[in-house]
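Please look through the sequence and the model below. The paragraphs after them go through a few of the features one at a time.

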Amino acid sequence: MISFMLTQMNVEAVMSRFPPQQREYFQSFPLWTVAFWAIGVFGGVIGCLLLLLKNRLAFHFLLASLIGAIVSNLGGLFLLGGMEVMRETGGLGLTVLPVAFAALLAYYARAVSR
């Protein structure tokens, strides 16, 4: 969540750690990509808190998080030219990680809600 917010606020201390190609790629995101990224991030945070509270709504928030992660990451990779940028800079594996983690969390929340 903090990384998302610092990236969106374009904090130099965070953005300077990215290679120039990745930085330009992140700054070129259209509104729909940022919106789905936010759904992925905040849905995951709220879903995890609800999971800790053993609330059945956790699954729904974590499912929204998974959908947000899939759309923002895969949309960015395939529609916005991110595949080439992330492959060149060695960050391609890091784009798969949020989707896999969100899927595991949603699966776990579904399993414990039954």
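How do the residues of the lining of the largest pocket divide into nonpolar, polar and charged? In this predicted model, 19 of them are nonpolar and eleven are polar, while no charged residue takes part. The pocket itself has a volume of about 830 Å³. Its lining is made up of 30 residues, and those closest to the centre are Trp 37, Val 41, Asn 73, Leu 94 and Pro 98.

Helix H1 (2-8), helix H3 (20-27), H4, H5 and helix H7 (92-113) each supply at least two residues. H7 gives the most, with seven residues.

Helix H4 covers residues 31-52 and helix H5 covers residues 58-79; their axes are 7 Å apart and meet at an angle of about 150°. Angles over 145 degrees count as roughly antiparallel, and H4 and H5 are therefore roughly antiparallel to each other. The crossing in which H4 passes H5 is left-handed. In the contact of H4 with H5, 15 residues are nonpolar, nine are polar and none is charged.

A charged residue can be found elsewhere, in Glu 12. Glu 12 lies in helix H2, which spans residues 12-15. Is this residue buried, partly exposed or exposed? Its relative accessible area is 45%, so Glu 12 is partly exposed. From Glu 12 to Leu 53 there is a separation of 41 residues in sequence, and in space the two are 36 Å apart, C-alpha to C-alpha.

Notes:
Residues are numbered from 1 along each chain as its sequence is written. This is a predicted model: local features need pLDDT of at least 70, side-chain atom pairs count only at pLDDT 80 or more; totals for chains, interfaces and linings use all residues. Side-chain values use heavy atoms; hydrogens and water are left out. Axes are lines fitted to C-alpha atoms, for helices over the stretch in contact, and angles run from 0 to 180 degrees between N-to-C directions. Helices (H or I, at least four residues) and strands (E, at least two) are DSSP runs, numbered from the N terminus. Angles under 35 degrees count as roughly parallel, over 145 as roughly antiparallel, 65 to 115 as roughly perpendicular and the rest as oblique. A crossing is left-handed if the near helix is turned anticlockwise from the far one by less than a right angle, and right-handed if clockwise. On a 1 Å grid over the protein atoms alone, a cavity is a set of points where a 1.4 Å probe fits but cannot get out, and a pocket is an open set with protein on both sides within 12 Å along at least five of seven lines; lining residues have an atom within 4 Å of a point. Grid points are joined across faces, edges and corners, and a volume is the space filled by probe spheres set on the points. Buried means under 20% relative accessible area, exposed over 50%, partly exposed in between (1.4 Å probe, protein chains only).
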